[in-house]
Amino acid sequence: MKVNTDLHLHSKYSMASSRRMELPTIAREASKKGMELIGTADCTHPKWLEEIKRVSVSDEEIRIDEIYFIPTTEIEDRNRVHHLLILPSVSKAEELAERIAPFGNLEADGRPSVRLNGTELAEIAKDVGALIGPCHAFTPWTALYGYHDSLKSCYGDMTDYISFLELGLSADSDYADRIQDLHRLTFLSNSDAHSPYTNKLAREFTQFDVPELTFDGLKKAILREQGYKATLNVGFFPEEGKYNRSACIKCFTQYPLSEAVENKWRCPVCGGVIKKGVFDRVNELADFKEPKHPEYRPPYLHLIPLAEIIQMALGHASVQTKGVQTAWNKLIERFGNEVKALIYSEPEDLKVVGDDRIVNAILAFRKGNVIIHPGGGGQYGWLELPENLKNEEIRQTGQLSFADLEEINPTKASKPEKNRAKNLRKKNPAKPKKKSQVIKNRIIRNRMMQARVHFSIFKKQVRE
């Protein structure tokens, strides 16, 4: 069966998290977004673990209505690298908490910091039967490649036990698959949400083919056992991430790597620190000039939340305005959830929203025209529609269909079909090519890049 999953988020007990991040709210909002399996997050926090227990059907099943939860937590090691752990059961979450409690204050934060390194954490994860991998691996702060140049440097003798890598908002499969060391890993796309808002929860997610909605079913997919696997990564354009480009963390002026080095990583505009971006970091680490995807790597669908498309179409300042929320709710009521509305809906059916600007914006994204303003230095990138596409009627064009995704399934595809998958990737490169000049003044203007949106229009869902 195909399931949409968001395995990394945070509870109300994590720093900078909304008080609304409670299990019933998460379940309700995840259902609206089209998710079926959600990480509990923060499962070593004593109070949150008690709340998890209260909604548990059994030690191994946590469910609210139609949403299944699986115990997960993010842990910061002594080198400030963040790791995601996925656990088999509530009792194993308790065991994990007992193992790491001597090395940190579990009550202080839902995302605990512990006096252990990556190798030691991986050893504990293996002992309790958990899966482990680096969170938002390319982020310059608190991430694997912020402090290490390889998996081995972080995880030592436990490197072979690492089974996945979370891409994070500033990277996609094209970025990561330029690094040979990562080819064997399953790539996860997760939201890292700290609030249940429509543009935060499940803003990135991974679709898996699993035998069942359990830890064992998910484990088989992550380890690619018995033909189960990840079938689709859905997430931001990498340029939208707030650390994609090298930029000043104070005024957000962006710099080419050579210029940042020349200025000794100090901003000549304001004197702030220039933080190396994911784009430049990947270029340093890369073994290949272009990504080389293993045959089992699923397509990556670049997508932004429906609420943000509506906000863009209406020209509103926030996704929380009455106009945006009214339109979003109309589409959710009509189609059942955001995934169906944004990806599976027919153009004529979208007119239920009652505003052609919104319909045109959704169809413009499907057609593939969008302007990207890259993020950097801690400031998120942002998107906009070209002026000529905001109001004109957008015709549907032939793009990668759901049937195509099924054909490039590595467990089912013949050799010609596998070759076709490679050709599809070549025809639809994820990263934009065009760069504009960095303007250095106090009114910061981000470099603009024209990109083709890899937006798939699925005529039907295939569910087993």
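Q: What makes Cys-43 count as buried in this predicted model?
A: Buried means under 20% relative accessible area, exposed over 50%, and partly exposed in between, with a 1.4 Å probe and protein chains only. Cys-43 has 0% relative accessibility, so Cys-43 counts as buried.

Residues are numbered from 1 along each chain as its sequence is written. In this predicted model, local features need pLDDT of at least 70 and side-chain atom pairs count only at pLDDT 80 or more, while totals for chains, interfaces and linings use all residues; side-chain values use heavy atoms, without hydrogens and water.

Q: Is Cys-251 called buried or exposed, and why?
A: Its relative accessibility is 15%, so Cys-251 counts as buried.

Q: Why is Ala-137 called buried, and what does Ala-137 touch?
A: The relative accessible area of Ala-137 is 0%, so the residue is buried. Ala-137 lies in the loop between strand S7 (131–134) and helix H5 (144–147); helices (H or I, at least four residues) and strands (E, at least two) are DSSP runs, numbered from the N terminus. Contact means heavy atoms within 4.5 Å. Leaving aside neighbours within four places in sequence, the contacts of Ala-137 include Tyr-145, Leu-165 and Glu-166.

Q: How far apart are Ala-137 and Val-278 in sequence and in space?
A: They are separated by 141 residues in sequence and by 9.6 Å from C-alpha to C-alpha.

Q: Why is Gln-325 called buried?
A: Gln-325 has a relative accessible area of 19%, and therefore is buried. Its place is in helix H12 (residues 322–335). Not counting residues up to four places away in sequence, Gln-325 touches Thr-198, Val-319 and Gln-320.

Q: How does the reach of H12 compare with the expected span?
A: The expected span is 1.5 Å times one less than the number of residues. H12 has 14 residues and reaches 20 Å from first C-alpha to last, close to the 20 Å expected.

Q: What puts the buried residues of H12 on the same side?
A: Val-324, Gln-325, Ala-327, Trp-328, Leu-331, Ile-332 and Phe-335 are buried in H12. They cover an arc of only 165° around the axis, which puts them on the same side of H12. The arc is that of the directions from the helix axis to the C-beta atoms. On the other side of H12, Lys-322 and Glu-333 are exposed.
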